[in-house]
Amino acid sequence: WEDLEFYGLDFPYIALGWTSLSWEGTEAPPPSATMSWKELTAAEREVASELCHFRDNWDGLDMTPNSNGDFLYPKVKRRYVEWDE
């Protein structure tokens with residue numbers, strides 16, 4: 001967290017709900033840490049963009065090119081959803 005403060009990057013993370021304690025793992029991460037890009041507010045998307053995030057990398061899409069080149073779009077990240085009976 002000190003490095004973020006040194007480089008002035010703590011402000012965007014603070015806007016996303018992070019604190020020094022949540023960054024270090026002492027407290028739970030903020031809700032934005034588990035939100036998809038669509039779930040972020042416009043203000044949160046703006047500060048995430050300042051940190052070089054955009055929809056694809058925020059949502060964890062595989063952005064590596066496919067080896068055969070036939071499918072030019074990133075593969076969708078599969079999310080584990082616990083079965084609820």
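## Close-up views of the predicted model

**View 1. Cysteine 52 lies in the loop that links helix 4 (42–50) to helix 5 (55–58).** Helices here are DSSP runs of H or I with at least four residues, strands are E runs of at least two, and both are numbered from the N terminus. The model is predicted, so local features require pLDDT of at least 70 and side-chain atom pairs pLDDT 80 or more, whereas totals for chains, interfaces and linings use all residues. Residues are numbered from 1 along each chain as its sequence is written, and side-chain values rest on heavy atoms, with hydrogens and water left out. Although cysteine 52 is not a glycine, its phi is positive, at about 70°. Most residues other than glycine have a negative phi. With a relative accessible area of 62%, cysteine 52 is exposed (over 50%; buried is under 20% and partly exposed in between, with a 1.4 Å probe and protein chains only).

**View 2. The protein chain as a whole contains 5 helices and 0 strands.** Its order along the sequence is α-α-α-α-α. Buried residues make up 26% of the 85 in the protein chain. The accessible surface amounts to about 6,900 Å², with 56% of it on carbon and sulfur atoms; such areas come from the Shrake-Rupley method with a 1.4 Å probe, and for residues only the protein chains shown count as cover. Of the contacts (heavy atoms within 4.5 Å) between residues at least 6 apart in sequence, 18% join residues at least 24 apart.

**View 3. The largest nonpolar core comprises 11 residues, including Trp1, Trp18, Trp37 and Trp58.** A nonpolar core is a set of buried Ala, Val, Leu, Ile, Met, Phe, Trp, Tyr and Cys residues joined through side-chain atoms within 4.5 Å. Val47 and Leu51 also belong to this core. Valine 47, in helix 4, is buried at 12% relative accessibility. Beyond residues up to four places away in sequence, valine 47 touches Pro12, Ala15 and Leu16. The C-alpha atoms of valine 47 and alanine 15 are 7.1 Å apart, with the two residues 32 apart in sequence. Leucine 51 contacts Leu9, Pro12, Tyr13 and Leu16, leaving aside neighbours within four places in sequence.

**View 4. Arginine 55 and aspartate 56 meet through their side chains in a salt bridge.** The N to O distance is 2.8 Å, and the search of the whole structure finds 1 salt bridge (a side-chain nitrogen of Lys or Arg within 4 Å of a carboxyl oxygen of Asp or Glu). Arginine 55 is partly exposed at 43% relative accessibility, whereas aspartate 56 is buried at 17%.

**View 5. Phe6, Tyr7 and Leu9 form a nonpolar surface patch.** Together they present about 380 Å² of accessible area. Patches consist of residues with over 30% relative accessible area and no salt bridge, with nonpolar side chains (Val, Leu, Ile, Met, Phe, Trp, Tyr) joined within 5 Å and like charges within 9 Å. Phenylalanine 6 belongs to helix 1 (residues 2–6) and is exposed at 65% relative accessibility.
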